[in-house]
Amino acid sequence: MTKKTGQISTQEDQTDAQARRARGEFVRGVSGFRHAIGDPEFPAEPGRYHLFVALNCPWCHRVTLARGVLGLTEAISMDVAFPNRTTEDDPVGPNLWEFAPDRRASLTDETLPECTQETGTGQGLRLAKQIYQAEGSDEQSVPILYDKVAKRIVNNESAEILRMLDVNAEALGSQFAASERPRLRPLDVQPEIDRLNERIYVAINNGAYKAGFSSDQKVYAQAFEAYFETLAMLEQTLSDGRPFLTGDAFTEADLRLFPTLYRHDPVYVMRMKLNAARILDYPHLWRWLCRVYALPGVAESGSLLHCRQGYFGRSWNGVVPLGPRHPMPYPEAYLHPELANR
Ligand SMILES: N[C@@H](CCC(=O)N[C@@H](CS)C(=O)NCC(=O)O)C(=O)O
């Protein structure tokens, strides 16, 4: 377990975490690996770094989005775990991310082409947990940023990983010219970005889990109200016609909001019981969602099939809902901003 100064503050408050969990509240843990590309032992070099992700995980989606929009898909290699973690009867224990490209998705009864073997460590490990065990850690979460030269974990906090990819994009070998590449944290809007990040992390990104995974009606109701109040605030923010949350440019605030709204209509309405409205019912947010989806590197950085298989494939009775199909299936609907005008 290593700690570094200047950590980003948007993570769950851990006060009385155990007691709150016992009372039925979902409390997210804190990531323990907090080194940074650019540190002496982790120089920014093309082809040196690797990501371990699951495409149904919204925190991983932040990192795959950054890799995509910054033109780093060639420079940073990536392994994709199967969306459903190990089951109760697995000898290694339940709820572990595994690299198992031969596993079939119950939704399609086929394998998922995006899933890979574990190739980053060179050992062909089965579990993400084993990557941590190699460093004496009992963590097991994804995303993981890994150094293939030093054979060490650099960082497992998505908020920090996306920022270090942005800062080091040139040196890491981005395929996009600087003029084409978004700057995720322009100086003039950083205070606005940080204000939005905090609100969006607590009420939307993590709020969705607090609603969907808490077994206490009050905790759920509080998270439900905060989630839709914040969507209404964001809808109002975009109602002055600005294309992105802080103005004309796509920034870190947009990148961090996208994974949750991308999952809302096809997954969270049902799985997280966030059924007050669809994003489709917010004209400005819907058009924003379609605008971000159309940016270079965004559509291919996620998979709703993995999301649906991941969120439904291990809950309830494992049967994955086939909808929504109205006004059209997802993600095709994200190619149609005009649907907001219905
Ligand atoms: N704060 C971390 C959270 C990562 C996280 O919670 N990932 C989930 C998947 S959605 C996970 O792997 N949980 C398993 C675990 O922690 O055991 C980040 O943003 O990177």
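Which helix does Glu198 lie in? Glu198 sits in helix α6, residues 190-205, where helices (H or I, at least four residues) and strands (E, at least two) are DSSP runs numbered from the N terminus. Before we go further, note that this is a predicted model: local features need pLDDT of at least 70, side-chain atom pairs count only at pLDDT 80 or more, and totals for chains, interfaces and linings use all residues. Residues are numbered from 1 along each chain as its sequence is written, and side-chain values use heavy atoms, with hydrogens and water left out.

Back to Glu198. With 35% relative accessibility it counts as partly exposed; buried means under 20% relative accessible area, exposed means over 50%, and partly exposed is in between (1.4 Å probe, protein chains only).

Now for the ligand. It has 13 residues around it, and Arg28, Trp97, Val142, Glu157 and Ser158 come nearest; a residue is near a molecule or strand if one of its heavy atoms lies within 4 Å of it. Sorted by class, that shell holds 5 nonpolar, 5 polar and 3 charged residues. Here Ala, Val, Leu, Ile, Met, Phe, Trp, Tyr, Cys and Pro count as nonpolar, Asp, Glu, Lys and Arg as charged, and the others, Gly among them, as polar.

Some of these neighbours make polar contacts, meaning pairs of N or O atoms within 3.5 Å; within protein, one must be able to donate a hydrogen and the other to accept it, and residues adjacent in sequence count only if both atoms are side-chain atoms. A polar backbone atom of Val142 is 2.9 Å from a nitrogen atom of the ligand. Glu157 uses a polar side-chain atom, 2.7 Å from a ligand nitrogen, while a polar side-chain atom of Ser158 is 2.6 Å from a ligand oxygen. Taken alone, the ligand exposes 510 Å², and the protein buries 83% of that; these areas come from the Shrake-Rupley method with a 1.4 Å probe, and for residues only the protein chains shown count as cover.

Have a look at Asn156 too, in the loop between β6 (152-155) and α4 (158-167). Asn156 is buried, at 3% relative accessibility, and a polar atom of its side chain lies 3.4 Å from the backbone nitrogen of Gly32.

Next comes helix α2, residues 58-69. All 12 of its 12 residues are buried, including Trp59, His61 and Arg67. After α2 comes Gly71, with a positive phi near 70 degrees.

What about the cysteines? The count comes to 0 disulfides, a disulfide being a pair of cysteine sulfur atoms within 2.5 Å. For Cys290, the nearest cysteine sulfur is that of Cys307, 16 Å away. For Cys307, it is that of Cys57, 9.3 Å away.

Finally, a few backbone details. The peptide bond from His326 to Pro327 is cis, with omega near 0 degrees, and so is the one from Tyr330 to Pro331, with omega near 10 degrees. Asp109, in the loop between β3 (104-105) and β4 (110-111), has a positive phi of about 55 degrees although it is not a glycine.
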